[in-house]
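Visitor: Could you walk me through reading this one? I'd like the general idea behind each feature before the specific case.

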Amino acid sequence: MSPEGIVSRRPRRVQEALLGYLLLVPALLVFGVFVFYPFLRNFKLALYQTPPFPGLPSHYVGLHQVGEVLTSSNFLQSLLTTILFVVMVVPAGLLLGLFLAVAAHRHLRGIAVYRIIFSSTVVSSVAVAALVFGTLMNPVVGFLPWLGINPHPPILENTTWALPAVAVMATWQFLGLSFIIMSAGLSSIPEEVLEAAKVDGATSWSAFWRVTVPLLSPTLFFGVVVATIYAFQTFGQIDILIGSQNAAYEHVNVLIYNVYTTLQINGNPGRAAVLSIALFLLTLTLTLLQLRFLERRVSYGI
Amino acid sequence: MAVRYLLLTVGALIVLLPLYLTVVNSLLPEPALAHQPPYLYPPHPQWVDYSTAWAGGSLSIYLRNSAVQTAIIVVGQLVTSILAAYSFAFLRFPFRRTLFVVFLSTLMIPFEVTLITNLDTITSLGWYNSFAGLTVPFLASGFGTFLLRQAFLQIPRDLREAAALDGYGHWRFMTRVAVPLARPSVAALAVFSFLGAWNQYLWPLVVTGNNNAVRTVQIGLKLLVGNNVSSVDVTLAGTVIAVAPLLLLLVVFQKQLVRSLTAGAVK
């Protein structure tokens, strides 16, 4: 290597580094302004109490507001509602998705059509799903009376049944994604393994539980994480179907909906910030717990 | 064998039922809606509901707005992700690994904690009720960068070296070699971004003002519920119009969609 070769390498390395940073600038700019700065400022907002009338400055109350919000009955009920909702949606959504994925995991003629149908709910937007189910559950034009379901007050204003109704809708909407995830997981299991199990005398049923499910555990684990985050983010359906003026509002007031109403309708960003941090910590904790607890039970490879 | 098909068909019917009933209802004349037992197919389809929803419900405007908003976001995410992924995959610089972790960390920060400040930022920039306000916060994607970096890393080193010998600078290599080779992942990202942007609800809700300037189809649908309380059939026609483009997308781009959604599921 000639001396010229070595000397000309150093500026090139600097040039490469500069280019490297330059290419990151657009994304970092967006992240800096719209992700990291708001994230940090949110903590600051939580420490300031919003004045009752706009125009007055908000004053620093420190952790007092945090404590006050976290012990309020509004927050605790919101928390309970959120947990109930997650418990209703996550297992049902994953199990149904798994069932559909197993049913469609065959080399049958026309199976592609079934696969598209099963994944179709993944493109349904919040508004579409809400309107579709809103109509189905409407007491006058809906289909529930035909099935003999006639609660008083009507299901979407019913303090007991409004939340399960929204859960049914959210589960349906999640089915498409659940099916896609489970199908991908099933596809990654080599055929030979199942063949070997059958040769060893396993029946279909026990082959499923003893071989397929454990091999599917990374996918199931991924599915649980995705489903949980999805359930925590369910907002639009509640806003369209029920809304904050509804009698059943308190019983469907999941945390994220609470953040929205506290901010936009009550005009209280300080309180909303606390609620949003609580939601964030809840999601983060659950995800980390799942990562530690479930990953230990996941069996990778063969 | 027949049992299999039966099971599959039952499953398909259950999944499709809500949408099917919606289409049926959208084609019924208004008095027939409350008929018990409910109609399972429209005896005299009323296609006029669709033109009412389109014109009277301003759906054409909302669809246009959604199209503009989605196009901006998709292009933005593709560009920023390609640039950043290229940097992470092919260039060397100090703190590269740290910066990548920074990119990934954005996936952990959920929307609700940035909402309040973003609303303030957008308002103080004067972007309230504008396409800028709707789209700029979403022009970058940590997930997109991750996905494309993965794809770029799979390009063989020899190819890079051969291109360098042929005098290919970074720009040429990126546009003529790397991106075309990563086309499946780029397409997957495009579909994924499209879906996310089109279906956004909370952010357009808070950033859109009281007129149709930038109102997207999701918010427009919510308004249909408020305005046409009695014309359920028109509302439902609007709903079908709103979801039809996406269903088409699914049928055509199913492979790409599946690829992007399962990026983390299969080891």
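**Reading chain B**

Guide: Let's start with burial. A residue is buried if 20 or more other C-beta atoms lie within 10 Å of its own, exposed if 12 or fewer, and partly exposed in between, with C-beta atoms placed from the backbone. Here, 46% of the 267 residues of chain B count as buried. This is a predicted model: local features need pLDDT of at least 70, side-chain atom pairs count only at pLDDT 80 or more, and totals for chains, interfaces and linings use all residues. Residues are numbered from 1 along each chain as its sequence is written, while chains are lettered from A and ligands numbered from 1 in the order in which they are written.

Visitor: What does the secondary structure of chain B come to?

Guide: Helices (H or I, at least four residues) and strands (E, at least two) are DSSP runs, numbered from the N terminus. Chain B has 14 helices and zero strands.

Visitor: What box do the C-alpha atoms of chain B fill?

Guide: Roughly 75 × 60 × 30 Å, along the principal axes.

Visitor: Which residues is B:A163 in contact with, leaving aside neighbours within four places in sequence?

Guide: Contact means that the two C-beta atoms, placed from the backbone, lie within 7 Å. For B:A163, that gives B:Y168, B:F173 and B:V177.
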